[in-house]
Amino acid sequence: MAIKFVSVKCPECGAALDVEEGRKQIFCSYCGAKVMIVNDNEYVYRHIDEAGIKQAETDRIIQMKKMEIAEKTELLKNGGSVLKYVFLLF
């Protein structure tokens with residue numbers, strides 16, 4: 001008994017995938033997307049981690065603020081030494 005394959009296209013990355021006939025779902029071997037096969041249609045179900053997205057945004061904002069503070073501190077240090085030299089000259 002030969003196994004029949006159906007060719008489907010990954011909706012996420014567009015890769016051609018061979019699927020055993022009768023399968024209900026597969027994972028794309030290229031990008032890992034879950035492909036649901038129902039009535040010759042393909043569906044991708046994605047789990048969106050809202051908390052993870054918010055955490056990443058918060059981490060990015062904190063990192064930007066740290067960089068901004070470090071830059072201002074460096075400017076103050078450099079600016080302070082310039083002022084010292086100016087006062088010493090007079």
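Modeller: Buried means under 20% relative accessible area, exposed over 50%, and partly exposed in between, with a 1.4 Å probe and protein chains only. This is a predicted model, in which local features need pLDDT of at least 70, side-chain atom pairs count only at pLDDT 80 or more, and totals for chains, interfaces and linings use all residues. Residues are numbered from 1 along each chain as its sequence is written, and side-chain values use heavy atoms, with hydrogens and water left out.

Biologist: What share of the 90 residues in the protein chain is buried?

Modeller: Buried residues come to 12% of the 90.

Biologist: How do you know how many disulfides the structure holds?

Modeller: A disulfide is a pair of cysteine sulfur atoms within 2.5 Å, and the structure holds 0 of them. C10 is in no disulfide, the nearest cysteine sulfur being that of C31; the two sulfurs are 3.8 Å apart, which means that they are too far for a bond.

Biologist: What makes β1 and β2 a pair of strands?

Modeller: Strands are DSSP runs of E with at least two residues, numbered from the N terminus, and two of them pair if DSSP finds at least two bridges between them. Strand β1 (residues 5–9) is joined to β2 by 5 bridges, and the two run antiparallel, so they meet the criterion for pairing. Within this pairing, S7 stands opposite D18 in β2.

Notes: Helix = DSSP H or I, 4+ residues; strand = E, 2+ residues; numbered from the N terminus.
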